[in-house]
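Let's take a walk through this protein from the inside out. Have the sequence and the 3D view open side by side as you read.

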Amino acid sequence: MMNRIAIFQNPQPDTWPALTERNAPDDAAVEQSVRHIIAEVRAHGDEALRRFALAFDHAHIDALALSDDERQRMEQGVSNDVKRAIDRAMHHIEAFHAAQRPHTVDVYTQQGVHCIQKAVPLQRVGLYIPGGRAPLFSTVLMLALPARIAGCKEVVLCTPQGADGFIAPEIIYAANRCGVHTIYRIGGAQAIAAMAYGTESIAPVNKIFGPGNRYVTHAKQQVSVHTAIDMPAGPSEVLVMADDTARPDFIAADMLSQAEHGPDSQAMLVCQSSALAEAVATEVERQTALLPRAALVEQSLSKSRIIVLPTRQAMTDFANAYAAEHLIVQMERPWEIAERITAAGSVFVGHYSPESAGDYASGTNHTLPTSGWAAAYSGVNLDSYFHKITFQELSSEGLASLAPTITTMARAEGLEAHARAVEVRTRR
């Protein structure tokens with residue numbers, strides 16, 4: 001029988017740091033292992049990728065990239081129902097992200113001083129899509145569609161191949177539909193290293209996107225000194241805010257939808273009454289027993305919590321302190337709460353807005369910051385695929401007008417050459 005999820009009654013704010021801790025094991029050994037993998041890929045390129053694929057995935061790999069024929073053949077395994085679901089989700093995701101297209105800023109800060117900021121798409125991006133226990137083909141849509149909309153010149157995707165040569169056909173179908181240029185049959189930290197530093201077969205990318213296990217997460221963090229990454233990320237998490245208008249079965253289902261991602265995931269509930277807390281704890285036990293991944297879910301729930309707080313303000317303060325990847329507000333007048341949230345990856349407002357909708361088909365992106373990073377980082381959006389360049393043009397009159405300001409500031413900083421670069425022009 002599973003252990004009952006822990007309930008904390010009206011904890012004081014000085015205890016909140018402990019209650020907001022994530023379900024994250026000590027990763028010193030993982031960090032060292034990833035450092036070795038990255039070094040091997042940098043030193044030995046394709047040979048290291050094949051060696052690690054054999055060691056970790058028991059996969060014998062000759063050509064790292066899938067051919068066009070393989071891509072067309074592999075996608076045939078997708079049912080028509082799944083194809084229709086993917087196509088409909090694509091429509092919503094594309095509509096939401098296309099509306100985010102950035103605009104050019106074009107300003108004369110004064111007469112003769114013209115300043116422009118222009119968003120330029122990244123030229124080459126790399127997407128990581130996990131295989132393993134849950135092949136996340138939905139993540140292909142969330143990462144490849146914005147890249148296409150942004151106008152990225154080249155989009156490559158890495159996903160692991162199994163020992164039997166299998167890659168989930170849904171991943172291939174989604175990649176084909178979204179215009180991914182090249183698919184590589186490699187996974188793990190070695191795939192991140194290959195996209196960051198390049199090998200004989202894989203050119204380095206400008207930025208790496210995508211979720212993964214602890215090895216992939218550490219690899220992204222380690223290569224970020226060289227190659228941009230979308231965000232720091234770790235195991236999935238959800239925090240549900242609920243009052244007595246919420247249904248325990250809805251809440252439990254939302255908590256379990258994240259707990260089933262993996263043993264390191266975390267599901268939190270903040271509610272106003274002990275009665276609701278007990279009802280949800282009971283419902284979580286009942287629903288867990290019905291899940292095919294019950295044993296895995298129980299590991300996640302062992303580090304999950306129910307927090308009972310007396311007021312809406314205290315609940316909101318706790319939610320902002322936790323900074324959830326996914327925040328669900330199942331409360332009366334939910335927008336009053338949602339508008340006071342300052343730290344969350346994505347917010348689901350009302351009783352009929354499950355986190356699953358954002359994971360698949362509402363249109364928002366499900367690649368989100370975890371582990372408290374939502375206090376400072378955004379989830380993936382169209383801006384993630386651009387970098388912004390500024391331009392300026394000064395006329396001779398504009399420079400003459402600014403010259404006293406520039407030279408005074410430059411000399412105050414002890415930078416004489418800066419001042420002379422202006423004066424050599426204004427003297428003429």
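What follows looks at the packing inside, then the aromatic rings, a serine in a helix, and finally the cysteines.

One thing to keep in mind from the start: this is a predicted model.

The largest nonpolar core is made up of 40 residues. Those with the most contacts inside it are Val125, Leu127, Val140, Leu141, Cys152, Leu157 and Tyr385. Which elements each supply at least two residues of this core? They are α5 (80-98), β4 (124-128), α6 (137-150), β5 (154-158) and α7 (169-178). Helix α6 provides the largest share, with 9 residues.

Ignoring neighbours within four places in sequence, Val140 is in contact with Ile129, Leu145, Leu157, Ile171, Ala174, Ala175 and Cys178. There is also another core, lying apart from the largest one, with 32 residues. Leu49, Tyr128, Ala189 and Met195 are among its members.

Now for the aromatic rings. The model has 5 aromatic pairs. One of them is formed by Phe209 and Tyr385, and that pair is stacked: the ring centres are 4.3 Å apart, with 5° between the planes. Phe209 sits in strand β7 (residues 207-209), while Tyr385 is in the loop between α15 (355-360) and β14 (386-394). The pair links distant parts of the chain, as the two residues are 176 residues apart. Are these two buried or exposed? Phe209 is buried, and Tyr385 is too. You've met Tyr385 already, as one of the residues with the most contacts inside the largest nonpolar core.

Phe250 and Tyr352 make an edge-to-face pair, at 5.7 Å centre to centre and with 75° between the planes. Phe250 belongs to helix α10 (residues 248-259) and Tyr352 to the loop between β13 (344-349) and α15, so this pair ties together parts that are 102 residues apart in sequence. Tyr352 has a relative accessible area of 70% and is exposed.

Two arginines also deserve a look, each over the face of a tyrosine. Arg22 lies over the face of Tyr322, 3.7 Å from the ring centre. Arg42 does likewise over the face of Tyr197, at 3.9 Å from the ring centre.

With a relative accessible area of 16%, Ser257 is buried. What does the side chain of Ser257 reach? That side chain reaches the backbone oxygen of Asp254, at 2.7 Å. Setting aside residues up to four places away in sequence, Ser257 touches Glu355 and Ser356.

Last stop, the cysteines. A disulfide is a covalent bond between the sulfur atoms of two cysteines. How many disulfides does the model contain? The count is 0. Take Cys152: its nearest cysteine sulfur is that of Cys178, 13 Å away. The cut-off for a disulfide is sulfur atoms within 2.5 Å, so at 13 Å Cys152 is in no disulfide. Seen from the other end, Cys178 is in no disulfide either, and its nearest cysteine sulfur is that of Cys152. Cys152 counts as buried, at 8% relative accessibility. Cys178 is buried as well, at 1% relative accessibility.

How values were computed
Residues numbered from 1 in each chain as written. Predicted model: local features only at pLDDT ≥ 70, side-chain atom pairs only at ≥ 80, totals over all residues. Heavy atoms only, no water. Phe/Tyr/Trp six-rings, centres within 6.5 Å; stacked < 30°, edge-to-face > 60°. Helix = DSSP H or I, 4+ residues; strand = E, 2+ residues; numbered from the N terminus. Buried < 20%, exposed > 50% of the residue type's maximum accessible area, 1.4 Å probe, protein only. Lys NZ or Arg CZ within 6 Å of the ring centre and 35° of its normal. Core = buried A, V, L, I, M, F, W, Y, C linked by side-chain atoms within 4.5 Å. Contact = heavy atoms within 4.5 Å. Polar contact = N/O pair within 3.5 Å; in protein donor to acceptor, adjacent residues only side chain to side chain.
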